[in-house]
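Me: Could you take a close look at one part of this model for me, the place where aromatic side chains come together? Please explain the terms as you go, and then follow on to the charged pairs.

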Amino acid sequence: MEKLWVTMVETYGHRWTSSFGESPRPDHAWSKHLTGLNGKQIANGLAQLSSLNNDGWPPSAPQFRSMCLQMPGLPGESEAWEQALRGEYSHDIVRIAAEKTGTFDLKSGRLTDKALRERFNRNFAIVRARAVMGKPLTDDIPEGIEHDKKTPMQVQYALTHQQARDLIQAQNIPTDGQQARQLLLARLGIKRRDQHA
């Protein structure tokens with residue numbers, strides 16, 4: 001944090017010190033916003049200061065944190081999706097996310113394929129987060145919980161069964177086979193000698 005402060009004072013001079021002081025304080029908003037960032041990420045943010053268009057003023061703490069977490073040359077989610085479908089990758093993160101999603105599926109996919117896009121976006125976000133944290137990009141990505149992934153037919157089937165259960169309960173129909181038999185016989189007026197108590 002000390003090196004960051006020195007760099008900001010050297011870069012922005014009075015504009016920095018009048019707003020944030022000569023040295024960092026642990027209770028300052030900048031300290032809180034930069035918590036959890038490593039040196040590589042802060043260096044990434046500092047490298048982007050020259051391209052910042054703030055009329056010579058320093059960035060805000062949230063703005064600087066965002067700059068630290070950006071990956072140079074990495075396209076946005078929509079552009080990454082289009083690149084993955086074309087099989088042309090402008091960044092390793094896009095390529096790895098495409099491979100984790102399945103390049104065969106992507107080659108046969110369409111721009112409007114919602115399920116495939118959700119799968120790619122999830123993988124892209126995970127690989128991008130790994131890059132930001134300095135972790136290996138090619139580690140396996142765990143699949144989502146399988147029972148959460150239902151086809152439209154499975155959803156309809158479950159809904160139909162729930163409606164049937166609700167109807168049975170609303171009509172006070174017993175769900176136990178023996179009780180249902182006795183109720184049916186009683187309603188039909190049939191008396192059996194072998195009825196058990």
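Reply: Happy to. Rings of Phe, Tyr and Trp (its six-membered ring) count as a pair if their centres lie within 6.5 Å; planes under 30 degrees apart are called stacked, those over 60 edge-to-face, and the rest tilted. With that rule, Trp5, Trp16, Phe20, Trp30 and Phe64 form one aromatic cluster. Please keep in mind that this is a predicted model, in which local features need pLDDT of at least 70 and side-chain atom pairs count only at pLDDT 80 or more, while totals for chains, interfaces and linings use all residues. Residues are numbered from 1 along each chain as its sequence is written, and side-chain values use heavy atoms, with hydrogens and water left out.

A search of the whole structure finds eight aromatic pairs. In one of them, the ring centres of tryptophan 16 and phenylalanine 20 are 4.3 Å apart and the planes stand at 45 degrees, so this pair is tilted. Tryptophan 16 and phenylalanine 20 are four residues apart in helix H2 (residues 14-20), a separation of about one helical turn. Helices here are DSSP runs of H or I with at least four residues, and strands are runs of E with at least two, numbered from the N terminus. Tryptophan 16 and phenylalanine 20 are both buried, where buried means under 20% relative accessible area, exposed means over 50%, and partly exposed is in between (1.4 Å probe, protein chains only).

Tryptophan 16 also pairs with tryptophan 30: the centres are 4.9 Å apart and the planes are at 80 degrees, so this pair is edge-to-face. Because tryptophan 16 belongs to helix H2 and tryptophan 30 to helix H3 (residues 29-33), the pair ties together parts that are 14 residues apart in sequence. Tryptophan 30 is buried, as is tryptophan 16.

Arginine 15 lies over the face of tryptophan 57, at 4.4 Å from the ring centre; the rule asks for NZ of Lys or CZ of Arg within 6 Å of the ring centre and within 35 degrees of the ring normal.

Now for the charged pairs. A salt bridge is a side-chain nitrogen of Lys or Arg within 4 Å of a carboxyl oxygen of Asp or Glu, and the count comes to five salt bridges. In helix H7, aspartate 92 and arginine 95 are three residues apart, about one turn of the helix, and they form a salt bridge with the closest N and O atoms 3.6 Å apart. Arginine 95 also meets glutamate 99 in a salt bridge (3.1 Å, N to O), and these two residues of H7 are four apart, again about one turn. Aspartate 92 is partly exposed at 45% relative accessibility, arginine 95 is partly exposed at 27%, and glutamate 99 is partly exposed at 46%.

Elsewhere, Glu79, Arg86 and Glu88 are linked in a network of salt bridges. Within it, the closest N and O atoms of glutamate 79 and arginine 86 are 3.5 Å apart. Glutamate 79 is partly exposed at 34% relative accessibility, and arginine 86 is partly exposed at 45%. Helix H6 (residues 77-86) has buried residues too: Ala80, Trp81, Gln83, Ala84 and Leu85. Glycine 87 follows H6, with a positive phi near 80 degrees.
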